[in-house]
Structures are given as C-alpha cells and as structure tokens.
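The tour below goes from one selection to the next.

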Amino acid sequence: MWKGRFAKATADLVQQYGESISYDWRLYKHDVAGSIAHARAQVKAGLLTDEEFTSIENGLREVEAEIEGGNFEFSIELEDIHMNIESALTKKIGAAGAKLHTARSRNDQVATDTRLYCREEIDQLTRQLSELQSALLSQAEKNAASVIPGYTHLQRGQPVTVGHHLLAYVEMLDRDKQRLSDCRKRVNVSPLGSGALAGSTINLDRQQIADELGFDRVTTNSMDAISDRDYIAEFLFAMALVGTHLSRLSEDLILWCSSEFGFATLSDAHTTGSSLMPQKKNPDVCELTRGKTGRLYGNLVALLTAAKGLPLTYNRDLQEDKEPLFDSIDTLKLALSVNTEMIADMEINVENCEAAASDPLLLATDLADYLVKNGVPFRQAHELVGLAVAASVTSKTPLDQLDLTTISEHYGADAKDVFDLQTALAARTNPGAPSVDNVKAEVERWKKSLAPS
C-alpha cells in the first residue's frame, strides 16, 4: 500500500501487531457493498467506463462468494479486509481493480463498513429482543393470576403476580429496543467520500452512494466523519444495558429455582449437573448470563478508553474499536437466543408461589390503608400496624389471627377482611398496579404491540 515511500518491508512483528484481518474479515459483505456503490459513483464522475464497472462488480461478487464459501485465503500482509478484497479483485480483473480506490481512503471505507455492519446487527438484536419479550409474555399470560410475594431488599413486601413480575422485564427490553432504534439513527449516516480527513479533489456524488447503501444522509464534516466512534460507544452502551436487564432476570430466576424459593423449574435442556453431587440441577445459563454481562461492560470501557485522548482525525488506536464491538454483539446474540429458549421452557410452580404469598405480613400495608380509610392519618396508621406486627412476632401468632382490637380502638371487627389475598390484589386497579385484570390487559396490549406488522 505504501511501498513507494518505504525502502524496507514492514517487520513481521509489526505486521502481527497491526493486522486486523483476523477479526475484521466479518465486514466483507459490507465492504463489497460499499465498493460497488463507490464504483458506480466513479462511473457517474467519468472515472470508470461501464465495462470497467461491470468487471469490478462481477469480480467483487466472486470474491464475496469465495469468502462466504470458505474458499478465500486471507493474507496477514494485507492487514485488513479492505486490502484483502481489493488485492484479490485486482488479481482477477487487472487494471480496473486498481482504479477502485480512487477518491476514498481506508479511513472512510472502514467507517462505512462498520456503520453498515452495526446497522445490520442492531436490526438483528432488535428482532431477538422481541422474541425474548414474546417468551416472557407467554409465561406472563399463563401466570397472570399466579400470586407471589414482591420483594424489596430481598424481603417480602407486598403481593404481586408472576405475570406482573415478568412483564417488568418486557418493559425493560422494550426500552432496550427503543435505545437501539435511536442509536440506529446516528449509525445510519454515510461517511464515504470523507477520504483520510479532508475529502478529495475528485468529487463523487456522496448522496448517490448513501442512497444506494440505504443511509439516511451523509456526514457534513470530513474530520468528524473519520474520527467518530460515538455510534459504536452508544451501541456498546445499549448492549451493556441489555446485559444489565438480562443479568437482573437471571438473578431472579436463580433465586426462584432454589430450594428455598421453589417458584420455578428450568428444563433439563437448560441446566447442568454436578460432577460430584448427583442431585444437583444448576441454573448455569442464568449464571453465565450474569457473568458475561461484565464482558459487555468491559467492552464499552475499552472503547471509551481508546478514544478519550485522541486528536483529530484518524489514529491507529481506533482500530481497537472492532474487537470489543464484535465480542459484545456475539455475546449478546447468543445470550438472547439461549435465554429465549430457557424462558419458553420454564415451568412456574404455582403451589409454591401461592404458599409463599399466603404470608399475612404481605398485607401489612393494606392494613394501614384500612386505617387510613377509617380516618387515621397515615403516619399514625403505620405505627399502629407496626405495633400489630410486633405483637404477631412476639406472640408467634399470624398477623391475620391477632385480635387487633386489643391494640387500638381504630381497628374494627372488619379489619380481618383485609387479609383476603384475592380481594387485596383486585383492589390494585391503578394503571401499572398488579391486579389480575390489569395484568391480563397488559398482556393483551403487549401481544398487539409485538405482533408482526
């Protein structure tokens, strides 16, 4: 690429240190697409004949097919996917191949390829997030009325349903999709034509190229276009936050599948055993998801660190954007696939859930609400219920079996009616609250929202 300037060949160690073909080969489809669009613009500018363009397009398609078929031999000496493809093309078609790089740099070429790649992967991840939402939604529909304790500080708080709990994750994943969709807008901008940093004196029709490649618009500052990695950082952040949500779901399921909780059972296909203890059935998918989330965080930090001190425009540090990007995408796609399978096959142990939810202490707040409805200020009601709870604990008498009238005259004989669990749930009718009717309505809303358009 630069043999005219240098008297010595690049040292082997430098080639090993600087090559990216071992991982950026996966950009080949996007490199071919970008090169064909670039060549078509060269025809319009009078730099290529129609015959030369046809030769270039056919040659690039041949190279693409060879890579797809596993019949292409990549060369570390050519450093990256761009030069590997261009070199193979030139060998196939001769001089026309050497014209292809006119009015572009590897800098705007790789920026274009990476944006095309990110756009495609954002679309794929969005589809996978919808599939996981659907798996959660199916379980929520089956368990819309299955009552469990809701927790704060991992202590039992108030009653909810399994359906309501799982729909919380459907909400989280929907925000993830929104973030990816918003990120896609900033990804889908064409930098091709920005050259190494200042464009070219040979002006191609950048808008034509952008339109052919499906970009929404072209970049408006060549220096920013070449050095910008914000869109990758934003994509990595969005994926890291998906990881956060998957990790939280994993932690819930790890607890639910424990003997102490017993709320859920994962299928044998999505659990593992022990090499020593024959009784074990381990939620390894959940634990691996929880662990792999750290990789998603690390990849984001790696890119931010690489970019934080760089002067404009391109610096070789920016080559370090791809391995974190590729790793996060690979990690998250597999995590979404396996979690979707696992959730679809999961069984909820309704009897265990209902037994845990039968704890009358879950309705202590409802008892305070009862007092408020009878004219007691909330802070006083809170104290009176606290006294009742203390008496329950001290006497080892369930709260719903205490004679509450001995604690305060504000308690009437009807106070015990508070402890009807179904009545308590049915009363939670505010938007977002976990009444069974609300949960069923939310399930129907999400079914419509996730239905193929």
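Which residues in α3 meet which residues in α7? Select both helices and look: K29, H30, D31 and S35 in α3 meet Q109, D113, L116, Y117 and E120 in α7, where contact means heavy atoms within 4.5 Å. The model is predicted, with local features needing pLDDT of at least 70 and side-chain atom pairs counting only at pLDDT 80 or more, while totals for chains, interfaces and linings use all residues. Residues are numbered from 1 along each chain as its sequence is written, and side-chain values use heavy atoms, leaving out hydrogens and water.

**Stop 1: α3 and α7**

Helix α3 covers residues 28-44 and helix α7 covers residues 106-142. Helices (H or I, at least four residues) and strands (E, at least two) are DSSP runs, numbered from the N terminus. The two axes come within 9 Å and cross at roughly 120 degrees; axes are lines fitted to C-alpha atoms, for helices over the stretch in contact, and angles run from 0 to 180 degrees between N-to-C directions. That angle makes α3 oblique to α7. Angles under 35 degrees count as roughly parallel, over 145 as roughly antiparallel, 65 to 115 as roughly perpendicular and the rest as oblique.

The residues of this contact divide into 2 nonpolar, 3 polar and 4 charged. Here Ala, Val, Leu, Ile, Met, Phe, Trp, Tyr, Cys and Pro count as nonpolar, Asp, Glu, Lys and Arg as charged, and the others, Gly among them, as polar.

**Stop 2: α11 and α12**

Now select residues 284-307, which form α12, and residues 230-256, which form α11. Their axes are 8 Å apart, at an angle of about 160 degrees, so α11 is roughly antiparallel to α12. The contact of α11 with α12 has 15 nonpolar, 7 polar and 3 charged residues.

**Stop 3: the largest nonpolar core**

Select L136, F235, W256 and L325. Of the 81 residues in the largest nonpolar core, these four touch the most other members. A nonpolar core is a set of buried Ala, Val, Leu, Ile, Met, Phe, Trp, Tyr and Cys residues joined through side-chain atoms within 4.5 Å. Helix α11 supplies the largest share of this core, 14 residues.

**Stop 4: S194**

Last, select S194, in the loop between β3 (189-190) and α9 (206-213). Is S194 buried or exposed? S194 counts as buried because its relative accessibility is 1%; buried means under 20% relative accessible area, exposed over 50%, partly exposed in between (1.4 Å probe, protein chains only). Not counting residues up to four places away in sequence, S194 touches D108, G199, R206, T219, S222, A225 and I226.
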